[in-house]
Amino acid sequence: DYYETIVTYFKNNRSAPATAKSLFIHKSTLFYRFDKMKQLFLIDLTNQDYLFAYEFSIKLLEILN
């Protein structure tokens, strides 16, 4: 689940090793998911401004729901 992956990534302070451990997956699987997310949703996980916007959007969705 891509949403769970990105939420877990933010909850782990953008730490790939901690995220992989939390999701019980290998770090290479996490990076594979990130690549698929980039292809499918055109998100850029290397740009700090975009990461902030994604994280802020997710927080807003959590508050509104």
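Colleague: Why is R14 called partly exposed?

Modeller: The relative accessible area of R14 is 27%. Buried means under 20% relative accessible area, exposed over 50%, and partly exposed in between (1.4 Å probe, protein chains only); R14 is therefore partly exposed.

Colleague: What kind of model do these values come from?

Modeller: The model is predicted, so local features need pLDDT of at least 70 and side-chain atom pairs count only at pLDDT 80 or more, whereas totals for chains, interfaces and linings use all residues. Residues are numbered from 1 along each chain as its sequence is written, and side-chain values use heavy atoms, with hydrogens and water left out.

Colleague: What makes the pair R14 and E55 a salt bridge?

Modeller: The term requires a side-chain nitrogen of Lys or Arg within 4 Å of a carboxyl oxygen of Asp or Glu. Between the side chains of R14 and E55 the N to O distance is 3.1 Å, and the pair is a salt bridge. A search of the whole structure finds one salt bridge. R14 lies in the loop between α1 and α2 (16–23) and E55 in helix α4 (residues 48–64), so the pair ties together parts that are 41 residues apart in sequence. Helices here are DSSP runs (H or I, at least four residues), numbered from the N terminus.

Colleague: Why does E55 count as partly exposed?

Modeller: E55 has 22% relative accessibility, and therefore counts as partly exposed.

Colleague: How do you know that T5 is buried?

Modeller: T5 has 0% relative accessibility, and so it counts as buried. T5 lies in helix α1 (residues 2–11). Leaving aside neighbours within four places in sequence, T5 is in contact (heavy atoms within 4.5 Å) with T19, L23, L30, R33 and F34.

Colleague: What makes the side chains of N12 and S22 a polar contact?

Modeller: A polar contact is a pair of N or O atoms within 3.5 Å; within protein, one must be able to donate a hydrogen and the other to accept it, and residues adjacent in sequence count only if both atoms are side-chain atoms. The side chains of N12 and S22 make such a contact at 3.3 Å. N12 lies in the loop between α1 and α2.

Colleague: Which residues have the most contacts inside the largest nonpolar core?

Modeller: They are I6, Y9, F10, L30, F34 and L45, in a core of 15 residues. A nonpolar core is a set of buried Ala, Val, Leu, Ile, Met, Phe, Trp, Tyr and Cys residues joined through side-chain atoms within 4.5 Å. Helix α1 gives the most to this core, with four residues.

Conventions
Helices (H or I, at least four residues) and strands (E, at least two) are DSSP runs, numbered from the N terminus.
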